[in-house]
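Here are a few notes on the backbone of this model. Please keep the structure open as you read.

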Amino acid sequence: MNVSADIQSHTSNAPSHHHNRQVSGLHKTVIKYGMWVNILIVAIWKYKNVASALKKIRLLSKAKDAYRGENKLLKYSLAGNRYFFSYNAPGWPSKSFNRYIQHQLAQFGDNTTISLHTLIFGITKKCGFKCEHCFEWENLNKPETLAKEDVSSVIKNFRNLGVSIVQFSGGEPLNRLADITAIVQDFKGVDFWIYTSGYHLTNDKAAQLKKAGLTGITISLDHWVPELHDSFRGKKGSFEWVEKAAKHTVANNLILCLSLCATNDFISQENLSNYIELAKNLNASFIQILEPKAVGHYAGKNVSLSEEKIRLLEHFYKKINFDQQYKNYPTIIYHGFYSRRVGCSGAGKDYLYVDMDGFAHDCPFCQKKIFNVLHGDVEEQLTRMRTLGCNVFNSVKNK
Ligand code: SF4
């Protein structure tokens, strides 16, 4: 037997030095209790009284159960020494997690408290892609209006309103790499993400972002077939860059999410299965499924998903997230699933979108400028936005 060949084959199968993986079973249970103890400490510190702390925690737990229904979480994601129970909550343990919990606890007993925790912020109009579904299509590559100081002051305002997660989008946010690293370094107690095509995301850039304190990278991947992803994105070689960018993300202990715009053409058993296998191989912790909307580059087109395709997606979502067999697979985030059942959580409820000129929208896909976050009283305008609510999903729900 050739010993050196044997050692080599073992070495190549050995896990690399990164720690990104899904945890379930006993490991997950232990972490869950750790999180609840942490939540209890935060609550006691906040209310200075054990009885009221426990009361708030019970309400928080009840609200989570009501939201999840019969679907119980099976896995957490471990990345960069932190555990993530959701894509929409900061990793634990961290200052951001504690801020998130404090803010969540504040909801109970006072309906007027703003519950917003996530800001999606388009910080550049620059982009060299021509994606089929681009929601900012009309605004790309026009003169920039937001200076770095504007971006910082918007984040500061929203942090004061409780935001603990900021996702930079665009355009292609990597075009403002220097500004992003400077801003991320400045803000503590906030989990920062970037939402990118992955194009030219070298190891060096990923390392810079990690060093600055970035939490994660969401990379758009719209097909498991390289040529079909490239044609969807309107750029040759983009699939290759998704693979490279994913590798650099994970190697630098950043958490990886892949974002899929699931079109009627794409949704099939075969495509979904191949996609999830590819995502697992790329060490993704999350997959975000977005539904196409007739805005931006899709304006005027009939892109709404058929009932049958929605059923397929929902089945896939439940299978991957809640079936033991898939406990080592990425967790799927499918906003449409919950929006159809409990209403949309955009429109300033849990999150909102601020575009590249500083206008607040209900979400990136429901394009309607509601107010400019650079002028006036943001809290007051946000309250008005929340009262109006999302006009798409909520109207479906109320029918
Ligand atoms: S979706 Fe993103 S990457 Fe694609 S064209 Fe629009 S801004 Fe650029």
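Helices and strands here are DSSP runs, numbered from the N terminus: a helix has at least four residues (H or I), a strand at least two (E). The model is a predicted one.

1. Start with Lys-48. This residue sits in the loop between α2 (25-47) and α3 (50-68). Lys-48 is not a glycine, yet its phi is positive, about 55°.

2. Now turn to Asn-81. Look for this residue in the loop between β2 (76-79) and β3. Asn-81 also has a positive phi, near 65°, and is a residue other than glycine.

3. How many other C-beta atoms lie within 10 Å of Asn-81? There are 10, so Asn-81 is exposed.

4. Next, a cis peptide bond. The bond from Trp-92 to Pro-93 is cis, and its omega is near -5°. Where does Pro-93 lie? Pro-93 is in the loop between β3 (82-84) and α4 (95-105).

5. Please check Gly-170 and Gly-171 as well. The peptide bond that joins them is cis, with omega about 20°. Gly-171 has its place in the loop between β5 (165-169) and α6 (177-186).

Note on methods: Residues are numbered from 1 along each chain as its sequence is written. This is a predicted model: local features need pLDDT of at least 70, side-chain atom pairs count only at pLDDT 80 or more; totals for chains, interfaces and linings use all residues. A residue is buried if 20 or more other C-beta atoms lie within 10 Å of its own, exposed if 12 or fewer, and partly exposed in between; C-beta atoms are placed from the backbone.
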